[in-house]
Amino acid sequence: MIALPLTLLLTALAAVSATLHLRAEYRGPRRQIYLFKPLTVLFIIAIALTIPGSPSGRYRAAILAGLVCSIAGDVFLMLPGDRFLPGVASFLLAHLAYLVAFTQDAPFGAAPLLLLPFATFGAGMLVLLWPRLGTMRGPVVVYLAVIVAMAWQATSRAATLGSHSALLAALGATLFVLSDASLALNRFHRPFRAAQAVILPTYYAAQLLIAWSVGA
């Protein structure tokens, strides 16, 4: 009875923190980004830690591992200087952790046809970004393959199990793909003013949905 209000409170705090982070991206000061970016994911980690749910302990542990890797990636990407590669490596580990979670109770690739939209989208992104990737071509190809596999497995799991938990995770994984695609377009293709207004809401919504899937 205590856990549900706690989850709602933590979700509200995460939403407020995310909103303040987005505001700081456009209006400053920079120190608020350093505060609210990791704080938002810390609230989401707290949700995954405390929310009661039926998925296995291994599922919760893998989701928590993904969130911890994500907060490391956030820190690398927000710090001054170019720490993009360590950030990519951290989020690569996060997606691998989520992939492990999504294979706990469903076989890998149980719905082969669901790979098609993700693979097509990934291939299109790679073609678009390839001319400007330079030395990042190898890391981006690996990262793209892993996030496509993660999102495919999440949607395959949802199609197989049909549970509320699996549906939340699948939606979160799909939003993660959209968020990362927006980030890649902004960095490697053509920067656009509304980038953070697209990247951050989809990213935080993705993480929230994945955290909520622990308790569904």
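## Helices and buried residues in a predicted model

Among the elements of the protein in this predicted model, helix α1 has the lowest mean pLDDT, at 93, while helix α8, which covers residues 195–212, has the highest, at 97. For the protein as a whole, the mean pLDDT is 93, and 97% of its residues reach 70 or more. Where pLDDT is low, the predicted coordinates should not be read in detail.

Helix α1 runs over residues 3–27 and holds Leu 6, a residue that, together with Leu 9 and Leu 13, makes a nonpolar surface patch of about 230 Å². Leu 6 counts as partly exposed because its relative accessible area is 33%, which lies between the limits of 20% for buried and 50% for exposed.

Ala 151, placed in helix α6 (residues 137–161), counts as buried because its relative accessibility is 0%. Leaving aside residues up to four places away in sequence, Ala 151 touches Phe 118, Ala 173 and Val 177. The C-alpha atoms of Ala 151 and Ala 173 are separated by 5.0 Å, although the two residues are 22 residues apart along the chain.

The two residues whose accessibility was discussed are set out below.

| Residue | Relative accessible area | State |
|---|---|---|
| Leu 6 | 33% | partly exposed |
| Ala 151 | 0% | buried |

Note on methods:
Residues are numbered from 1 along each chain as its sequence is written. This is a predicted model: local features need pLDDT of at least 70, side-chain atom pairs count only at pLDDT 80 or more; totals for chains, interfaces and linings use all residues. Side-chain values use heavy atoms; hydrogens and water are left out. Patches are made of residues with over 30% relative accessible area and no salt bridge: like charges are joined within 9 Å, nonpolar side chains (Val, Leu, Ile, Met, Phe, Trp, Tyr) within 5 Å. Accessible areas come from the Shrake-Rupley method with a 1.4 Å probe; for residues, only the protein chains shown count as cover. A salt bridge is a side-chain nitrogen of Lys or Arg within 4 Å of a carboxyl oxygen of Asp or Glu. Helices (H or I, at least four residues) and strands (E, at least two) are DSSP runs, numbered from the N terminus. Buried means under 20% relative accessible area, exposed over 50%, partly exposed in between (1.4 Å probe, protein chains only). Contact means heavy atoms within 4.5 Å. pLDDT is the predictor's confidence in each residue, from 0 to 100.
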